Amino acid sequence: MFKTETLRNLEFNRILATIATFAHSDVTREEIERLAPLTGRAEIERRFGMVEEVRAVSRLDVPLRLSRFHDIRPILEEVRPEGAVVNPDELVPLVPVLQIIDALVKQMAYRADIPLLGELAGGLTGFPSLLARLERTIDSEGNILDSASYLLADLRGRKRGLVARIRRRLEEVVREKQVAIFLQDDFITQRAGRWVIPVRMDSKGMVQGVVHDVSNSGETAFMEPLEIIPLANELENLIADEKAEMIRIIRAICAEIREDSDALAEEFRVLVQLDLLNSIASFADLLNASVPQLGDSGAIRLRGARHPILMLMQREGAVRPVVPLDLELGADGDRVMVITGPNTGGKTIAIKTVGLLLLMALAGIPVPADASSEFPLAESLLVDIGDEQSIEQSLSTFSAHIANIAGILGAAGSRAVVLVDELGTGTDPAQGAAIACGVLQELLKRGALVFATTHLTDIVTHVHRTNGMVNASMEFDQASYTPLYRLKSGEPGQSHALEIARRYGLPEHILEFARSMMGRREAEFHELLAELKSERLRYETLRLEEEQKRQRIEERERQLAMRIAEAEAARREAMGKSWQDAKEIIAEARRQTRDILDEAKREKEKGKAALKQLEELEKEAEKKEREFAGEKPLDIAELHEGDTVFVRSLGFDATIVKISEKQGRLRVRARGMEVEVPLSDLSRGKGKPQPPTAGRGRRGMEEREVSSELKLLGMRVDDALAELERFLNDASLASIGELRIVHGTGTGALMRAVRQYVDGHPLVASFRPGEQFEGGNGVTIVTIR
């Protein structure tokens, strides 16, 4: 239950009025002013979701394509009766409405990031055929355009031509001497829709024609010459035909609108809803508001909350910066919070902020607070605020106050939030405090969330002693006697009435008299409060110092981690440079290899020397590559039959079965097969076992899908030869007898390099160019030993 008086007391209507300033139509403004708290979680979350989607597209610089529009519902109602026709100017508001809907349809099409808006606006069409018809029929002033129909364009064209003929003939008539002498003037005009010339009254019988009007002075007769009458009559007929065609056009448009009136009304309703959501989103952006959480625990948690009206006033420079409010009630078992503190300290603003933000959250309006703030799904908000800070002044008498409290007690339940300002005032303090304690006890029993303010110490004492209740205070600067507007939960506040009175100039002897009248018990109470606040401030200072120490330690740890990361990055950079140098050396070796191969091909008699030089160069390159990789090269003298070594070309360990020191080659056994490899292809065993076989070698290699064909087309020579070496080893282990190597012809460089490489290779028994049916000279057929 959210009474209109409650909404007005908390100034919810001012929030709605501000939101309404962003609307694009009076209809939307009326809808905004009717906004109220929603009853279901799904409704609230849906509105929050749609508002956030509007804000999201606005942040992407593609805001909803909305502009000024008017209410079209009266027009739709007017054309509903069968045969009803409206004036063309009444159809003008339809055009911008349909144009806006059409723009929104195009904007939302194919967007997957706004599912809720897409669901709301998914049925929009914009009625493109009706819009096109209206755009070619009427202008912004409601005039029917020539383009409305071919017949209308023809009639108007003929009419303009006939009017031009009439004017030309009249101009000729007024210039004729036998007529000009009887004219009062030489202009041409119209009277009663007929074209006339001004003839002197005493000479009207001298000009053949029909008098259609006489001037006010009676000296001029406006006559239509006889020779013009047939043309004018023809013009009248055209005008009549034009009017009939215009009526037919408007009647047809009204019939189309009548047929789609329900659909038009629904699309207009969706447009108004989109405008409403856009207005809420603009308001939320103005205050940098967030979507809060809707909790099931019945608790209220505010983090960084600000009163929205104060924020608006701050933007206008009317108030100083708003201090954020942090409070929590209901999560830890406490259901009643009583706030104490000095006058003008912010107590009333605090509970008003709670109430107004609760109303906004339940209405699906983002609130000026952190997104971690939480509000309950309250069923009612019960308020008794009668101070001067209310927009509408409430009764301030004790009887009116008690009447409000009685109404609150009658409606309060476990899902009610209660706000009471200046609890227990308006009567004798002792009796008022006793009544207030009884009221708080009853509200606690009913499970309501209660926020109350007071100055009475008896209430503070009762709250302190009662489980489920908690004191809170608005902080006060003891040195300057000025409020800080920060709420402190867990401890009561002081009124500081004597100190404030001294600050504002009340004589000291009056203050001394007042102090003597207070009584010893109350004085001790306030002294105790002062001691508690001083002790809290001391502990707060110690806590702050510990926090600063912790932050310094964290900063040192962060800097140390950053230095470690920098050292690691430097190490990686150095390693990277080393590997880059190694790659450059290998690349240079490969370039020299290609030069040697080219030289060997040019001078076959030097082939053997070139091959020897190539082998030495390859060994040197591999040696340097191992040095950069940190591998110690193997010495063939240290190896023995039965040793386990790692074969790079195979990628796993193998066992030595025979050593040929003169040739620098070794025969190793792998996967049940023996293969001969150069010493440079070996390194110390790495513990990488041979892949499991499923029977004989050939079957195992089939499981690895070893092909009998290798395609080297488009590869560089050095890359192709490396690939060829692996291919020969795999084929040998798989016991594939004949291989087909596809290198193409091209310039012949790759073909020559491949055949030079397999010539004399220990795994190759023989090779030959391919037959014509095998690929010709672009293929080399290799037979494995």
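## Basis

The model is predicted, so local features need pLDDT of at least 70 and side-chain atom pairs count only at pLDDT 80 or more, while totals for chains, interfaces and linings use all residues. Residues are numbered from 1 along each chain as its sequence is written, and side-chain values use heavy atoms, with hydrogens and water left out.

## Four-stranded sheet

Four strands form an open sheet in the order S1-S2-S4-S3, with antiparallel pairing. Strands (E, at least two residues) and helices (H or I, at least four) are DSSP runs numbered from the N terminus; two strands pair if DSSP finds at least two bridges between them. Strand S1 (189–191) and strand S3 (209–214) are the edges, each pairing on one side only. On average, neighbouring strands are turned by 55° against each other, direction ignored; axes are lines fitted to C-alpha atoms, for helices over the stretch in contact, and angles run from 0 to 180 degrees between N-to-C directions.

S3 is joined to the antiparallel strand S4 (residues 220–225) by 5 bridges. Val214 has Ala221 in S4 as its bridge partner.

## Helices on the sheet

Helix H9 (residues 150–175) lies across S4 and strand S2 (194–200), at about 10° to S2. Helix H11 (residues 229–259) packs on the sheet and touches S2, S3 and S4 (contact: heavy atoms within 4.5 Å), its direction making about 145° with that of S2.

Over 3 bridges, strand S20 (residues 709–711) pairs in the parallel sense with strand S21 (residues 738–742). Glu709 stands opposite Arg740 in S21.

S21 is also joined by 5 bridges to strand S23 (residues 779–784), and these two run antiparallel. Val779 in S23 is the bridge partner of Val742.
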